[in-house]
Amino acid sequence: MAEYKNLALYLSARDTTINNLLLTHYLELGLSNEEFLVYLQVKMMIDEGAREPSTEKIGQALGWTPQVVFNHLTTMRNKGLLSFTTQRGGDGRVTTLLDFEPMYEQLLNLDFTGMAAASTRILTPLASEKNEDTTKRAEIYHILEQEFGRQLTPMEYETIGSWFNKDQFDPALIKQAIQEAVINQALSLRYIETILVSWQKKNYRSVQEVLAHREYRQNRQEANVVDIPDIPMDIDPSSVDWSKL
């Protein structure tokens, strides 16, 4: 019998069981291949007892950054296939639990009559659009982590994700709002979001519009400034020759 270097490690490793119905029909649920890979990694960790699967470890296994992994998890949640639940422990630590029960419920309610070919069943956007969106999100994550000087928390990832998914904020405006927060020494997600909401209410659609309005406002303020002569209080104003001031 041939000897294998990692035979003992292989035999001691646990198996991750995946239902065949899910394996053959995950595309009908709207899962992309990348999202299904993330699901497999999460399920393995949950089966091994992890209460909060690590996006960093998943990223290492798949060759992705933690931000990309979290983007896929957020997309699955937006599709109604995954739920996030936060719990605060006795030590005050917040734990984010992942639950795929919504996906299993959808699988059990699928109509398998007259299924189309796999290439026409995928409900996710085109790969190029997904990659572009992922790149923009990753850039925002990176900028904020650089400014905060630390890695973002799962709750912060979720908040930023809502800027894209729910609020539909333009990535360029998000970067400008971050810059505004840094300049004003008020760097927080809440402050950045307040700026973005304000710009949205004013119907600003680009950074150029934001800067143009700021310049217009500054010009008006400068035009309204009136230079008042500095007159000592002990001098009678009626005796002052105003033409020489």
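Five aromatic pairs turn up when the whole structure, a predicted model, is searched. Let's look at one of them: Tyr39 and Phe100 sit edge-to-face, with 4.9 Å from centre to centre and 80 degrees between the planes. Where do Tyr39 and Phe100 lie? Tyr39 belongs to helix 3 (residues 33–47), while Phe100 is in the loop between strand 2 (94–99) and helix 6 (101–108), so the pair ties together parts that are 61 residues apart in sequence.

Now for a pair of helices. Helix 10 (residues 171–183) packs against helix 11 (residues 189–201) at an angle of about 125 degrees, and their axes are 9 Å apart. That makes the two oblique to each other, and helix 10 passes helix 11 in a right-handed crossing. On the helix 10 side, the contact is made by Leu173, Ile174, Gln176, Ala177, Ile178, Glu180 and Ala181. Helix 11 brings in Tyr191, Ile192, Ile195, Leu196 and Trp199. What kinds of residues make up the contact of helix 10 with helix 11? Ten are nonpolar, one is polar and one is charged.

How far does the predictor trust its own model? The chain has an average pLDDT of 80, and 81% of the residues score at least 70. Two stretches with pLDDT under 50 are listed here:

| Stretch | pLDDT | Contacts in the model |
|---|---|---|
| Residues 116–127 | under 50 | 14 contacts beyond four places in sequence |
| Residues 226–235 | below 50 | four contacts beyond near neighbours in sequence |

Notes:
Residues are numbered from 1 along each chain as its sequence is written. This is a predicted model: local features need pLDDT of at least 70, side-chain atom pairs count only at pLDDT 80 or more; totals for chains, interfaces and linings use all residues. Side-chain values use heavy atoms; hydrogens and water are left out. Axes are lines fitted to C-alpha atoms, for helices over the stretch in contact, and angles run from 0 to 180 degrees between N-to-C directions. Helices (H or I, at least four residues) and strands (E, at least two) are DSSP runs, numbered from the N terminus. Angles under 35 degrees count as roughly parallel, over 145 as roughly antiparallel, 65 to 115 as roughly perpendicular and the rest as oblique. A crossing is left-handed if the near helix is turned anticlockwise from the far one by less than a right angle, and right-handed if clockwise. Contact means heavy atoms within 4.5 Å. Ala, Val, Leu, Ile, Met, Phe, Trp, Tyr, Cys and Pro count as nonpolar, Asp, Glu, Lys and Arg as charged, and the others, Gly among them, as polar. pLDDT is the predictor's confidence in each residue, from 0 to 100. Rings of Phe, Tyr and Trp (its six-membered ring) pair if their centres lie within 6.5 Å; planes under 30 degrees apart count as stacked, over 60 as edge-to-face and the rest as tilted.
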